[in-house]
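Colleague: Please take me through the helix packing and the sheet of this model, giving the criteria as you go.

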Amino acid sequence: MSTFSGLFPEIPGISADRFIDVNRSQSRVFFLSHCHMDHMQGLHLPDPLPGPLYTSPISGVFLKHRFPQVAENIRTIEIGETLSIVLELGEPKEELQVTAIPAGHCPGSIMFLFQTNQHKILYTGDFRLSPKDLRNIIPLKNLAPDVIYLDTTFFLRQYHFLPPQSESLIKLVDLCQEWLSLNPQNAITIKLPALYGSEFLFIELSRRLKQKIHVQQEELRSYRFLASLDDAVTADSGSATRIHACQGTHSDRHGKLPCQPTLDQKHIRIIRPSALRWRGLRPTDTICRRLRSDREEYSVCYSNHASFGELEDFLAYLRPRAVRFNVVWKDDPGGMKMSALLREVCPWLDGRGDGEGRTEEGFSFDGIVYQRMEDKKRDRLFSDEDSDGEEAVIEHLPKRIRS
């Protein structure tokens, strides 16, 4: 869950993924990386925003329906597009160049590259990109940003490896097909770690299994604004589908389906796609394990956030001068452990930091800043050639939206 304050000390007057009163009072231009609730705090407030809100076309459609009070504020930016925005914060006025970059987290998710005369800042929001995708994104080539605001959800060595989503999907499909083929009464229930965040999973499961996923009405009310999910989810719990995600994040110790309470537990296979329980996973390990011996319940490693190894690669490829954390661990609220780990991962950053975040007067932010040491000749760390067999998230981004 994001702990980022939304404010950028380097660029006063803008906010991203936070729309509460403090952001509204200090900002006149707003940005939304994607439509998950921990990134939309404050959008429910009755008053419109005091300035434009830039987001992807898919997210823009969702916002217009979910938060009509900000509909007039919405401005859309296509992936790969660069906009020029004048920040009127006194004289002289400053020009801000904003580029939208695919994030691979959920439909409509984007990263923002902010550039002024003084700064190059990359805000990742939530993201997961394969090495192939990363190296194919032209705006990121030879970027060397001043600051990266990084999705540090899995910035722990225990999560060094998480399987590509394509591999996880194969295992999920296999588990479903095997169970459904054994008995026409059999059903699948998918228990999710969060109410939203499984949109890509629903799209791919439905496409490969050739049936829709039954979801809660609350989810369906949101998903109906995304045409790419039309063929993937349904409110019909009857014979049209045998795959259910209608339990949401709630647990049921009896393993029953809420939409079919009379269906015997012996006909239900429970699948939990998640990543948190998969600490210490290695590339050669299985990504599926049975959780209980008394019923059909399995965990499959699935993540739409970058693994620690992918974050290492991301930072080594971009070589930022400073890094700030979008997510801070609950047991490390001051970021001391994460800061020490960051120094190990990024040896070119200043290791003399005392573990305290630095702020400009009037602004606060989550995370720790480390400045680059004396400029050194940059090593060529990676080849720009494509790597065969890598998952290409960008190619799978849904293109259709509902106006």
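**Helix packing and sheet**

Modeller: The axes of helix α4 (residues 165-182) and helix α5 (residues 199-209) come within 10 Å and cross at roughly 50°. The model is predicted, with local features needing pLDDT of at least 70 and side-chain atom pairs pLDDT 80 or more, while totals for chains, interfaces and linings use all residues. Residues are numbered from 1 along each chain as its sequence is written, and side-chain values use heavy atoms, without hydrogens and water.

Colleague: How is the orientation of α4 to α5 classed?

Modeller: Axes are lines fitted to C-alpha atoms, for helices over the stretch in contact, and angles run from 0 to 180 degrees between N-to-C directions. Angles under 35 degrees count as roughly parallel, over 145 as roughly antiparallel, 65 to 115 as roughly perpendicular and the rest as oblique. The helices cross at roughly 50°, and α4 is therefore oblique to α5.

Colleague: Which residues of α5 does α4 meet?

Modeller: Contact means heavy atoms within 4.5 Å. From α4, the residues involved are Ser166, Leu169, Ile170, Leu172, Val173, Cys176 and Gln177. They meet Leu201, Glu204, Leu205, Arg208 and Leu209 in α5.

Colleague: Which strands form the open sheet, and in what order?

Modeller: Strands are DSSP runs (E, at least two residues) and helices are runs of H or I of at least four, numbered from the N terminus. Two strands pair if DSSP finds at least two bridges between them. The pairing in this open sheet is mixed, and its six strands follow the order β5-β6-β7-β8-β9-β17.

Colleague: Why is one side of β5 and of β17 left without a neighbour in the sheet?

Modeller: The twist of the sheet averages 20° from one strand to the next. Because β5 (82-87) and β17 (323-325) stand at the edges, each has a single partner strand.

Colleague: Which residue of β17 stands opposite Ile148?

Modeller: Strand β9 (residues 147-150) pairs with β17 in the parallel sense, over three bridges. Opposite Ile148, the residue in β17 is Val323.

Colleague: Is Asp17 buried or exposed?

Modeller: Asp17 lies in the loop between β1 (14-16) and α1 (21-26), and its phi is near 60°, a positive value in a residue other than glycine. Buried means under 20% relative accessible area, exposed over 50% and partly exposed in between, with a 1.4 Å probe and protein chains only. At a relative accessible area of 1%, Asp17 is buried.
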